[in-house]
Amino acid sequence: MSKSKSAGVLCHISSLPGKYGIGSFGAEAYAFAKKLKKCGVKYWQVLPLQQTGFGNSPYQSVSCESGNPYFIDLAALSKEGLLTKAELKNAEKSGAVDYAQLYNERFPLLRKAFSRFFFDAPAFREYVNGGESEDYALFMTAKTVYGGSFCDWDDKLKRRDPAAIEALRTDYHEEYLFWHFLQYEFKLQWHALKAYCNGLGIRIIGDIPLYVAYDSADVWAHGELFKLDNELKPAFVAGVPPDYFSETGQLWGNPIYEWKAHEKSGFAWWRARLKSALETYDVVRIDHFRGISAYYEIPYGAADARGGKWCEGPGKKLFEGLPEEGFIAEDLGTIDEGVKNLLQTTGFPGMKVLLFAFDGNPDNPFLLKNIPENSVCYTGTHDNDTVRGYVEKLSAEEYILFRSRLASELAQAEIVMNLGKGYEKISEAFVRLALASRAKLAVVSLQDVLDLNNEARMNFPGTDEGNWEFRLKTQPSAGSLRKLKNAIKKYGRK
């Protein structure tokens, strides 16, 4: 990251406005980048770009190396002659993201585009032969043909018998090429957008989920790297114990890594994954960083996360030889000395979330006075309330106490502002606090910049419905971003 103090904005691609039901790598993304540039923002943080899976979550993807086909710009495909104007018109949809409708309508439309694509083109053939999306294409082909989970497929295909794999590739070759086509177009469009942002002086922060989904190309292709039984089903699954987010903990359901096998290979799979992430983004946020120090495993089939146990993770060995620059550690949740030591050893900046600062504890690590320079200060994350949503849920007594604590934080930061009588200034106060912090990078959620309530919240951990649906109706107005621009300048973030 930059040596000087900088500012960033968190806004996922899916949340961008646009004509076609979900944000994409199209004109809306380029327009948003221009607005960030005008505000003096140097970092645009997005959430995982992987193809979404269970619960519409990018943290439950069919492949950790996939790109979400929904983000492919349909207008660009039309310019290539792959979609007609009438087909574009039929794809128009406003409002929140409707994943069920997208699934039913977008893939048939992308298949139409593929039917007009010249897949003998040298560049595409080179991409296919390079094998970058091989496991994904094979997995999605088998899913299309046979359905269900990979553990329910014919035993030879389930266990990736070479003859069964070759038969799948040969017998369903066009289907196999279709899934390559999606990844080919995704990567072309994403890297063009990233290059444009970099040209504006904006760097992209992306997210690498610690875990992968069970029913994924990753587990199917590399079963030896996970704790599976003889039938290739999970022996244990991931989650976290009861915490701030949930009284019964969080049962994520992702399979647990067999870290001894990873270490035996020199962490080859993980190193390749980290290298790929650094090529996809400029800075990589490592999700659930504490799981690398120690991870929480829950017996497969448990009703919730309360019966799990902590196990030792790979620790610093996973990062040996990697640069300190380029990573952010998501070190939220249950933090012990092991996590703190790992942070210090790697040198990665951790995360400080202002919404967690107001419990009255003077030693709260999220208070401004306790936020170190080598950290990233956030107003909030995609996993918690927006600032406006947070205060609207408080009782009258809780709100009075909260305002008193907030006023104290503002005074200590020498921020002079009138909080008003209601909620209307609270989000602005949080944005200014983040920017005024000692953290070398302050990232503010776009929802907080726009003072949006919990209707704009991205994710409710522990729930399967209503997540990842928020989308802007229009681009943020110049007026709505003016305060952000002025605050970035006032607090010396370049």
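1. Helices here are DSSP runs of H or I with at least four residues, strands are E runs of at least two, and both are numbered from the N terminus. The model is predicted, with local features needing pLDDT of at least 70 and side-chain atom pairs pLDDT 80 or more, while totals for chains, interfaces and linings use all residues. Residues are numbered from 1 along each chain as its sequence is written, and side-chain values use heavy atoms, leaving out hydrogens and water.

2. Within α5 (residues 122-130), the buried residues are Phe124, Tyr127 and Val128. Buried means under 20% relative accessible area, exposed over 50%, and partly exposed in between (1.4 Å probe, protein chains only). Viewed down the axis of α5, the buried residues fall within an arc of 95 degrees, so they line one face of the helix. That arc is taken from the directions from the helix axis to the C-beta atoms. Pro122, Glu126, Asn129 and Gly130 are exposed on the other side of α5. The cover over the buried residues of α5 includes α9 (173-199), where contact means heavy atoms within 4.5 Å.

3. Strand β12 (residues 441-445) has five of its five residues buried. Leu441, Val443 and Ser445 lie on one side, with Ala442 and Val444 on the other.

4. Val443 is the bridge partner of Gly8, and Ala442 stands opposite Cys377.

Key. Pairing = 2+ DSSP bridges.
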